[in-house]
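Notebook open, model loaded. I want to go from the whole chain down to single residues and jot down what I look up.

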Amino acid sequence: MAERSIEVGVLGATGVVGQHFVSRLSRHPWFRPVWLAASERSEGKAYADAAPWRLAAPMPKAAATRTVHACVPGNAPTILFSGLDASVAGEVESAFAAAGHIVVSNARNHRMDPLVPLLIPEVNADHLAVIAEQRAAKGWPGAIVTNPNCSTVVLASALAPLRRFGLSRVVVSTMQAVSGAGYPGVPSLDILGNIVPFIGGEEEKMQSETQKILGSDGGRVPHQVRISAHTNRVPVIDGHTMTVSVEFDAAPDVAAVIEAMRTFRGRPQDLGLPSAPDPAIEVMSEPNRPQPRLDADRGDGMTVCVGRVRPCPVFHVKFVAMGHNVVRGAAGAAILNAELMVAEGLA
Ligand SMILES: NC(=O)c1ccc[n+]([C@@H]2O[C@H](COP(=O)([O-])OP(=O)(O)OC[C@H]3O[C@@H](n4cnc5c(N)ncnc54)[C@H](OP(=O)(O)O)[C@@H]3O)[C@@H](O)[C@H]2O)c1
């Protein structure tokens with residue numbers, strides 16, 4: 001694709017997801033993170049003093065000395081990534097869209113708004129068409145686009161190639177990494193050597209977000225697949241793993257299911273977007289893969305890995321799926337959304 005140099009900003013730049021945005025954007029071929037914003041606790045400080053850096057890669061030098069701004073419209077670049085806390089993301093993101101900004105959000109607040117695309121570029125790039133109606137209905141010169149919850153993105157990506165077989169019912173059980181709870185997240189005494197069989201709101205999000213993503217008319221007609229999700233927190237640092245059993249309208253051949261996943265492509269792969277993993281889904285043949293420690297970083301963290309695709313004696317087919325929750329499930333997902341919008345002339 002053509003060379004680009006686009007100035008962008010990050011709302012919630014000091015948080016866990018914000019730090020992943022700053023790190024990934026600092027080595028991005030198109031985007032230059034020149035404007036960083038957070039709460040009034042951080043406003044006016046140098047980024048190095050405001051952001052308690054949690055990533056293994058060092059803080060980018062250019063970011064370290066930037067002054068952190070308040071999250072108010074004024075002098076920010078047009079494209080803004082949001083890693084804001086959900087307690088404030090709703091209002092702040094709307095204010096920036098009203099002021100003409102393209103807000104590419106990772107927060108949950110606007111995901112289920114029928115006028116806001118809930119986007120996985122490989123799966124439902126056509127849902128971006130909703131933006132025109134969003135602008136007309138809300139009177140915003142800007143726009144808001146969201147990415148799914150970190151476990152939803154893995155499930156919906158794995159199910160997307162199987163829509164052709166007629167998805168009917170799905171039972172999914174997750175084993176979710178502690179990084180998905182942010183920092184400091186789950187207390188160590190609760191999670192070391194343990195499993196916590198509850199993540200607030202997560203099961204509902206996996207069910208409703210997946211139906212919207214796989215749905216039609218920009219997600220306003222949810223897919224009819226019925227989903228039962230069990231969500232669990234496990235002592236893994238990065239990478240959400242899930243076991244999935246699927247019932248179809250008519251039983252497909254397991255080999256056809258594997259082939260559909262293996263050959264799955266979308267707009268990001270066709271356009272050669274910088275963050276597009278290729279393949280979009282890696283189907284692993286080893287009987288003990290995917291594993292989060294070994295496989296979460298595949299495709300620079302953007303690949304959804306699938307393994308153990310086999311017949312299910314209760315439903316039709318079952319498999320394991322795994323993806324990097326903070327990359328494919330958060331910052332990397334939003335950056336791919338923005339790449340698609342730029343490539344499609346929407347940002
Ligand atoms: N962690 C994950 O893996 C993950 C995955 C998917 C989705 N998410 C979602 O992503 C969002 C961020 O998560 P996180 O784990 O990065 O949270 P976090 O570490 O707590 O960071 C929250 C960010 O929001 C800012 N903020 C808080 N209150 C604010 C206010 N009143 N005004 C302006 N900014 C404010 C914070 O700024 P200060 O530093 O100045 O307080 C910080 O930059 C959440 O909506 C979360 O649900 C997280």
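Contact, for these notes, means heavy atoms within 4.5 Å. With that cut-off I looked at contacts in the chain between residues at least 6 apart in sequence, and 75% of them join residues at least 24 apart.

Ground rules before going on. This is a predicted model, where local features need pLDDT of at least 70, side-chain atom pairs count only at pLDDT 80 or more, and totals for chains, interfaces and linings use all residues. Residues are numbered from 1 along each chain as its sequence is written, and side-chain values use heavy atoms, with hydrogens and water left out.

**Entry: whole chain**

I took helices (H or I, at least four residues) and strands (E, at least two) as DSSP runs, numbered from the N terminus. The chain has 13 helices and 12 strands. Its radius of gyration is 19 Å, close to the 20 Å that the globule rule gives for 347 residues, so the chain is as compact as a globular protein of that length. I took that radius over C-alpha atoms, and the rule is 2.2 Å times the number of residues to the power 0.38. Along the principal axes, the C-alpha atoms fill a box of roughly 60 × 50 × 35 Å.

Next I checked burial, where buried means under 20% relative accessible area, exposed over 50%, and partly exposed in between (1.4 Å probe, protein chains only). Of the 347 residues, 56% count as buried. The accessible surface, from the Shrake-Rupley method with a 1.4 Å probe, is about 14200 Å², and 51% of it belongs to carbon and sulfur atoms.

Then charges. I counted Lys and Arg as positive and Asp and Glu as negative, leaving out His and the chain ends. That gives 31 positive and 32 negative side chains, with the centres of the two sets 2 Å apart. Each charge was placed at NZ of Lys, CZ of Arg, CG of Asp or CD of Glu.

Which residues of H10 are buried? In this helix (residues 254-262) I find Val254, Val257, Ala260 and Met261 buried. Seen down the axis of H10, the buried residues fall within an arc of 120 degrees, so they line one face of the helix. The arc is that of the directions from the helix axis to the C-beta atoms.

What covers the buried residues of H10? The cover includes helix H7 (152-159) and strands E10 (281-284), E11 and E12 (317-323).

I followed up on H7: 8 of its 8 residues are buried, so this helix is largely enclosed by the rest of the structure.

I then listed some departures.

- Tyr183 and Pro184 are joined by a cis peptide bond, omega about 0 degrees; Pro184 lies in the loop between strand E7 (167-175) and helix H8 (188-191).
- Arg289 to Pro290 is also a cis bond, with omega near 5 degrees, and Pro290 is in the loop between E10 and H12.
- Asp217 is not a glycine, yet has a positive phi of about 50 degrees. I place Asp217 in the loop between helix H9 (202-213) and strand E8 (226-230), partly exposed at 47% relative accessible area.
- Arg308, not a glycine either, has a positive phi of about 55 degrees. Arg308 lies in strand E11 and is partly exposed at 39%.

Is Arg289 buried or exposed? Arg289 is buried, with a relative accessible area of 17%. Not counting residues up to four places away in sequence, Arg289 touches Met284, Leu294, Asp295, Arg298, Gly307 and Arg308.

Gly299 sits in the loop between helix H12 (292-295) and strand E11 (304-311), partly exposed at 41%. Glu282 is 17 residues from Gly299 in sequence, and 9.4 Å away C-alpha to C-alpha.

Last stop, Leu115, in the loop between strand E5 (102-105) and helix H5 (121-124). Leu115 is buried, at 19%. Leaving aside neighbours within four places in sequence, I see Leu115 in contact with residues including Val130, Glu133 and Arg220.
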